[in-house]
Amino acid sequence: MRFAALLAALCLAAGAAAFSGIDEVRASALPPEARVTIALIRQGGPYPYRKDGATFGNREALLPKRERGWYREFAVKTPGAKDRGARRIVGGRDGTLYYTDDHYRSFKRILAE
């Protein structure tokens with residue numbers, strides 16, 4: 001039990017992302033369309049796609065496990081795509097944002113700047 005308590009303390013001290021296997025990316029390193037989407041999320045819209053703000057179910061279980069409704073998804077415009085494309089930002093109720101450019105096969109936690 002001491003190991004579990006130590007591991008929990010380390011996770012809290014170092015931040016969950018360091019132990020979750022999720023890479024991180026600075027917002028400034030994202031495509032410009034992703035930065036526009038982040039700005040829209042922060043101001044509460046208006047969003048260009050009808051499904052923006054829909055519940056993200058985390059069925060892939062790549063993001064930290066939370067109750068249903070914790071995560072919302074927002075499309076990131078993909079130049080040249082005729083539909084919403086594969087790029088998304090997923091936001092948690094606590095304000096944490098994640099970016100995927102491969103339609104949920106991988107995520108990067110977006111670091112605020």
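This is a predicted model: local features need pLDDT of at least 70, side-chain atom pairs count only at pLDDT 80 or more; totals for chains, interfaces and linings use all residues.
The strands form an open sheet of six, in the order β1-β6-β5-β4-β3-β2, and the pairing is mixed. β1 (23–26) and β2 (54–56) are the edge strands; each has a single partner strand, so one side of each lacks a neighbour in the sheet. From one strand to the next the twist averages 40°. β1 and β6 (residues 108–111) run parallel and are joined by four bridges. Glu24 lies opposite Arg109 in β6.

Val76 sits in the loop between β3 (71–75) and β4 (88–92). Its relative accessibility is 0%, and because buried means under 20%, Val76 counts as buried. Not counting residues up to four places away in sequence, Val76 touches Glu33, Ala34, Thr37, Arg84, Arg87, Arg88, Ile89 and Tyr99.

Asp52 belongs to the loop between α3 (32–43) and β2. Asp52 is buried but has no salt bridge. The nearest side chain of opposite charge is that of Arg84, 4.5 Å away, whereas a salt bridge requires a side-chain nitrogen within 4 Å of a carboxyl oxygen. The side chain of Asp52 does reach the backbone nitrogen of Ala75. Beyond neighbours within four places in sequence, Asp52 is in contact with Tyr47, Glu73, Phe74 and Ala75.

| Pair | Distance |
|---|---|
| Val76 and Val36, C-alpha to C-alpha | 8.2 Å, at 40 residues apart in sequence |
| Asp52 and Arg84, nearest side chain of opposite charge | 4.5 Å |
| Asp52 side chain and Ala75 backbone nitrogen | 2.8 Å |

Technical notes. Residues are numbered from 1 along each chain as its sequence is written. Side-chain values use heavy atoms; hydrogens and water are left out. Two strands pair if DSSP finds at least two bridges between them. Helices (H or I, at least four residues) and strands (E, at least two) are DSSP runs, numbered from the N terminus. Axes are lines fitted to C-alpha atoms, for helices over the stretch in contact, and angles run from 0 to 180 degrees between N-to-C directions. Buried means under 20% relative accessible area, exposed over 50%, partly exposed in between (1.4 Å probe, protein chains only). Contact means heavy atoms within 4.5 Å. Lys and Arg count as positive and Asp and Glu as negative; His and the chain ends are not counted. A polar contact is a pair of N or O atoms within 3.5 Å; within protein, one must be able to donate a hydrogen and the other to accept it, and residues adjacent in sequence count only if both atoms are side-chain atoms.
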